[in-house]
Amino acid sequence: MGLKSKYTAHIAVAASAVAISLAAWGATTLTDTEAAARTGAGAQDTPEGRTKDPAQGPPPVSKVRMPQGIAHAAEAGGKAVNITIDDGPDPQWTPKVLEVLKQHDVKAVFCMVGPRAKEFPDLVRRIVADGHRLCDHTTSHDTAMDKKSVAYQRQQILDAKKMIEDAAGGAKVEYYRAPGGAFTPDSRRIAAEAGMRPLGWNVDTKDFEKPGTGAIVSTVKNELSNGPTILFHDGGGDRDQTVEALKQVLPWLKEQGRTFSFPVRTTP
């Protein structure tokens, strides 16, 4: 091959290499552009920094909007029940209630009055350490708060939430229960916007009236068909009858094939 032919062949090879490189660059650019377009259309960056294709379904929701409806159902469904304990914490009765719950391997929701939680932070932390959940029961347990202004309701709810969470060392308050069931649309909205599910009950044991241990136990047995959420108290007075009733009620529930759960939070 002559010198001119060799030179011509060399130029052809070089041009071919450049063409291939340009084609590869163009494909890469197109891929990036398409990815950006998909991201703009609804795909989200994954934790690893990759783009998720919409065909794989919506991305995980990082913050669930809390329903404002009053919860009664159990998370576990079926024959599960929810034990809820109101008006504490109390330095005399809360530890006794906790001990009974631990003996029977039962978790409960403790609906706390804000200043009580602030006064007894060690009890709040013990409740959390034992695996129970926290509930906001306002700052002053005003059973007529449904007749008060929205600003009053907001202060009662949000101030108590902060007191409880501060006492708990960072654990979140997951529910809100209005004193005496004095819910309003505004109080439910305020609670839900703060990440707390409004919490009702199905069985009111009326243990706060101290009707006798037998009467408390009978109320649970007779009214359990109303629904799964059972109301007891660890504050507001002498709770000896409550402690004794729990010692009977918890094993009886297990004998009936009942399991124990927490109230629903994110479903209607």
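Of the 268 residues in the protein chain, 42% are buried (buried means under 20% relative accessible area, exposed over 50%, partly exposed in between, with a 1.4 Å probe and protein chains only). This is a predicted model, so local features need pLDDT of at least 70 and side-chain atom pairs count only at pLDDT 80 or more, while totals for chains, interfaces and linings use all residues. Residues are numbered from 1 along each chain as its sequence is written, and side-chain values use heavy atoms, with hydrogens and water left out.

**The chain as a whole**

- Take the contacts with a separation of 6 or more: 75% of them are between residues 24 or more positions apart (contact means heavy atoms within 4.5 Å).

**Helix α4 (residues 121-129)**

- L123, V124 and I127 are the buried residues here.
- They span an arc of only 100° around the axis, so they sit on the same side of α4 (the arc is that of the directions from the helix axis to the C-beta atoms).
- Packed against the buried residues of α4 are α2 (94-103), β2 (108-112), α3 (114-119), β3 (133-136) and α5.
- D122 and A129 are exposed, on the face of α4 turned away from its buried side.
- Just after α4 comes G131, with a positive phi of about 95°.

**Helix α7 (residues 213-223)**

- T213, I216, V217, T219 and V220 are buried in this helix.
- Looking down the axis of α7, these buried residues fall within an arc of 155°, so they line one face of the helix.
- The cover over them includes β6 (203-204), β7 (229-233) and α8 (240-255).

**Around helix α5 (residues 150-168)**

- Q153 belongs to α5, and at a relative accessible area of 3% it is buried.
- The side chain of Q153 makes a polar contact of 2.6 Å with the side chain of T184 (a pair of N or O atoms within 3.5 Å; within protein, one must be able to donate a hydrogen and the other to accept it, and residues adjacent in sequence count only if both atoms are side-chain atoms).
- Setting aside neighbours within four places in sequence, Q153 is in contact with M145, K148, T184, D186 and S187.
- K148 also has its charged end over the ring of Y152, 4.8 Å from the ring centre (NZ of Lys or CZ of Arg within 6 Å of the ring centre and within 35 degrees of the ring normal).

**Aromatic rings**

- Searching the whole structure turns up one aromatic pair (rings of Phe, Tyr and Trp, the last by its six-membered ring, pair if their centres lie within 6.5 Å; planes under 30 degrees apart count as stacked, over 60 as edge-to-face and the rest as tilted).
- The pair is Y176 with F183, edge-to-face, at 5.7 Å centre to centre and 90° between the planes.
- Y176 is buried at 0% relative accessible area, and F183 counts as buried too, at 15%.

- V264 lies in the segment after β8 (259-261) and is buried, with 9% relative accessibility.
- From V264 to A76 there are 188 residues in sequence but 8.4 Å in space, C-alpha to C-alpha.
- Not counting residues up to four places away in sequence, V264 touches A71, A73, A74, E75, Y175 and R197.
- Q92 sits in the loop between β1 (80-86) and α2 and is partly exposed at 44% relative accessibility.
- Q92 and G237 are 145 residues apart in sequence, with their C-alpha atoms 9.9 Å apart.

- Most residues other than glycine have a negative phi, and most peptide bonds are trans.
- The peptide bond from G88 to P89 is cis, with omega near 0°, and P89 is in the loop between β1 and α2.
- H141 is not a glycine, yet its phi is positive at about 50°; H141 lies in the loop between β3 and α5 and is partly exposed at 28%.
- K206, another residue other than glycine, has a positive phi near 55°; K206 is in the loop between β6 and α7 and is partly exposed, with 39% relative accessibility.

Methods
Helices (H or I, at least four residues) and strands (E, at least two) are DSSP runs, numbered from the N terminus.
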